[in-house]
Amino acid sequence: MGSGLEESLRLTVAALMQATGESQRAVAAVLGLTQTQVSRRQSGAASWTLDDVDALAGHYGIAALDLLAGPTRACEVLPASRRRAAALAKKGPVR
């Protein structure tokens, strides 16, 4: 088990992935990693880097400090256009 900040970041990334409907594979593509590398970071077997934090914050459209502040804060400041509901609305009705 990692430090409190590492655990908080794992929870935050999971919350943002849930809020946006993104998979580990999608996050991996943003970071230039494999899905396995993201999975290892999310399980605590490997640590997120500061470069990862910067890239994730940019991808989600939030400040790095908001990302590090925990899942509640990160989801509060997540732009509405990045939320799952907004993405589904753009696709139109399911037929």
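The legends below describe close-up views of a predicted model.

**Figure 1. The largest pocket and the residues that line it.** The space in the largest pocket of this predicted model comes to about 150 Å³. Its lining is made up of Ser3, Leu5, Glu6 and Leu9, together with Ser47, Trp48, Thr49, Leu50, Val53 and Leu68. Two elements, helix α1 (4-20) and helix α4 (50-60), each give two or more residues to this lining, and α1 gives the most, with three residues. When the lining residues are sorted by class, six are nonpolar, three are polar and one is charged.

**Figure 2. A salt bridge between Glu7 and Arg10.** Side chains of opposite charge can pair when their charged atoms come close. A search of the whole structure finds five salt bridges, and in the one shown here the closest N and O atoms of Glu7 and Arg10 are 2.7 Å apart. Because Glu7 and Arg10 stand three residues apart in helix α1, they are separated by about one helical turn. Glu7 has a relative accessibility of 27% and therefore counts as partly exposed, while Arg10, at 8% relative accessibility, counts as buried.

**Figure 3. A salt bridge between Arg82 and Glu22.** In this view the closest N and O atoms of Arg82 and Glu22 are 3.3 Å apart. The pair links distant parts of the chain, since Arg82 belongs to the loop between α6 (71-77) and α7 (84-91), whereas Glu22 belongs to the loop between α1 and α2 (24-31), and the two are 60 residues apart. Arg82 has a relative accessible area of 21%, so this residue is partly exposed. Glu22 has a relative accessible area of 17% and is buried, because buried means a value under 20%.

**Figure 4. A salt bridge between Asp52 and Arg41.** The side chains of Asp52 and Arg41 meet here, with a distance of 2.9 Å from N to O. This pair, too, links distant parts of the chain, with Asp52 in helix α4 and Arg41 in helix α3 (residues 35-43), 11 residues apart. Is Asp52 buried or exposed, and what of Arg41? Asp52 is buried, and Arg41 is buried as well.

**Figure 5. A network of salt bridges.**

Conventions. Residues numbered from 1 in each chain as written. Predicted model: local features only at pLDDT ≥ 70, side-chain atom pairs only at ≥ 80, totals over all residues. Heavy atoms only, no water. 1 Å grid on protein atoms, 1.4 Å probe; cavity = no way out; pocket = protein on both sides within 12 Å on 5 of 7 lines; lining within 4 Å. Points joined across faces, edges and corners; volume = space filled by probe spheres on them. Helix = DSSP H or I, 4+ residues; strand = E, 2+ residues; numbered from the N terminus. Nonpolar A, V, L, I, M, F, W, Y, C, P; charged D, E, K, R; others polar. Salt bridge = Lys/Arg side-chain N within 4 Å of Asp/Glu carboxyl O. Buried < 20%, exposed > 50% of the residue type's maximum accessible area, 1.4 Å probe, protein only.
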